[in-house]
Amino acid sequence: MRPRFVYFILVLLTIVLGIASRKIVGIPLFVGDILYAVLVYFGFRWLLVKSKAPWQIGLPLLFCFAIEIQQLSTAAALVVPNNTNIPRIHFRIIILFITF
């Protein structure tokens with residue numbers, strides 16, 4: 001199988017597992033957070049199939065840290081989306097690309 005296809009299937013599987021982790025009672029909430037980080041990793045691997053290992057590991061890690069730092073931020077432009085119905089991840093991605 002081609003690596004891109006494998007990572008695409010892994011991304012879809014991780015999404016299904018993440019949704020299931022929120023719906024099944026008894027699974028701790030941090031499992032969903034772990035699956036989110038795994039999803040970001042597989043997504044970057046899908047995008048950077050031919051890159052070297054440091055890029056394939058470093059960029060997803062940097063992305064996850066940026067999201068966590070954004071959640072800790074008190075800047076008005078970053079806090080407003082957390083209180084609205086705007087899809088949060090899309091806004092965070094936009095802010096990430098604007099700030100870096």
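The legends below describe close-up views of a predicted model. Local features need pLDDT of at least 70, side-chain atom pairs count only at pLDDT 80 or more, and totals for chains, interfaces and linings use all residues. Residues are numbered from 1 along each chain as its sequence is written, and side-chain values use heavy atoms, with hydrogens and water left out.

**View 1. The protein chain has 5 helices and 0 strands.** Along the sequence the pattern reads α-α-α-α-α, where helices (H or I, at least four residues) and strands (E, at least two) are DSSP runs numbered from the N terminus. Of the 100 residues, 24% count as buried, that is, under 20% relative accessible area with a 1.4 Å probe and protein chains only.

**View 2. The largest nonpolar core consists of Val-40, Phe-44, Phe-63, Cys-64 and Ile-67.** Such a core is a set of buried Ala, Val, Leu, Ile, Met, Phe, Trp, Tyr and Cys residues joined through side-chain atoms within 4.5 Å. Two or more of its residues come from each of α2 (30-47) and α3 (53-72), and α3 gives the most, with 3 residues.

**View 3. A nonpolar patch on the surface is formed by Phe-5, Phe-8, Ile-9, Leu-12, Ile-15, Ile-19, Trp-46 and Leu-47.** Together these residues have about 720 Å² of accessible area, computed by the Shrake-Rupley method with a 1.4 Å probe, only the protein chains shown counting as cover for residues. The largest share, 6 residues, comes from α1.

Notes
Buried < 20%, exposed > 50% of the residue type's maximum accessible area, 1.4 Å probe, protein only. Patch = residues over 30% accessible without salt bridge, like charges linked within 9 Å, V, L, I, M, F, W, Y side chains within 5 Å. Salt bridge = Lys/Arg side-chain N within 4 Å of Asp/Glu carboxyl O.
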